[in-house]
Amino acid sequence: MHFEELSDAQWKYIRFHLPPQPKVGRKRVNDRQIINGILYVLVTGCQWRDMPKQYGSYVTAWRRLKRWSEEGVWDMIFDSLKDDPYRNGQLSLGIVAIDSSFVEAKKGEKVSSIMDSKREKE
């Protein structure tokens, strides 16, 4: 798969959702660099130890992915990516519709006969 690092616009959006740097102790390694490393591994499917050195330590990247997953940081980023277009009027449920049904057919049985018997029960 083809990997591209975060653009300046993507980074500008994401960075506001990240936890603040600690006030005491050691500061975190560059967040953008580490996130690019995480994305590199997830997009390419390589092993963590094969992450290019330009993204920092693969151990740091793996730990950051794990910790931020447990803390809900990634969920918050994904939720905002999903919700912001609705708030900004860029996406409307009026133009999107999803409908699906799942009916299990027994071997050799026609799906139409299953649907007919299901309707009769209703």
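These are my notebook entries on a predicted model of one protein chain.

**Basis.** I number residues from 1 along each chain as its sequence is written, and I use heavy atoms for side-chain values, leaving out hydrogens and water. For this predicted model, local features need pLDDT of at least 70 and side-chain atom pairs count only at pLDDT 80 or more, while totals for chains, interfaces and linings use all residues.

**Confidence.** I looked up pLDDT, the predictor's confidence in each residue from 0 to 100. The chain has a mean of 82, and 68% of its residues reach 70 or more. Confidence is highest in helix α3, at a mean of 96, and lowest in helix α5 (residues 111–121), at 53.

**Overall make-up.** I found five helices and zero strands, in the order α-α-α-α-α from the N terminus. Helices (H or I, at least four residues) and strands (E, at least two) are DSSP runs, numbered from the N terminus. Of the 122 residues, 23% are buried; buried means under 20% relative accessible area, exposed over 50%, and partly exposed in between (1.4 Å probe, protein chains only). The chain exposes about 9,800 Å², of which carbon and sulfur atoms supply 53%; accessible areas come from the Shrake-Rupley method with a 1.4 Å probe, and for residues only the protein chains shown count as cover.

**Helices α2 and α3.** I examined how α2 (residues 31–44) packs on α3 (residues 58–70): the angle is about 90° and the axes are 9 Å apart. Axes are lines fitted to C-alpha atoms, for helices over the stretch in contact, and angles run from 0 to 180 degrees between N-to-C directions. The two helices are therefore roughly perpendicular, a term that covers 65 to 115 degrees. Asp31, Ile34, Ile35 and Ile38 of α2 meet Thr60, Ala61, Arg64, Leu65 and Trp68 of α3, where contact means heavy atoms within 4.5 Å. I note six nonpolar residues, one polar and two charged in this contact. Ala, Val, Leu, Ile, Met, Phe, Trp, Tyr, Cys and Pro count as nonpolar, Asp, Glu, Lys and Arg as charged, and the others, Gly among them, as polar.

**Asn36.** I located Asn36 in helix α2. Asn36 counts as buried because its relative accessibility is 3%. Its contacts, leaving aside neighbours within four places in sequence, are Phe3, Glu5, Leu6 and Tyr55.

**Gly56.** I then turned to Gly56, in the loop between α2 and α3. At 24% relative accessibility, Gly56 counts as partly exposed. Gly56 touches Gln33 and Met51, not counting residues up to four places away in sequence.

How values were computed: Angles under 35 degrees count as roughly parallel, over 145 as roughly antiparallel, 65 to 115 as roughly perpendicular and the rest as oblique.
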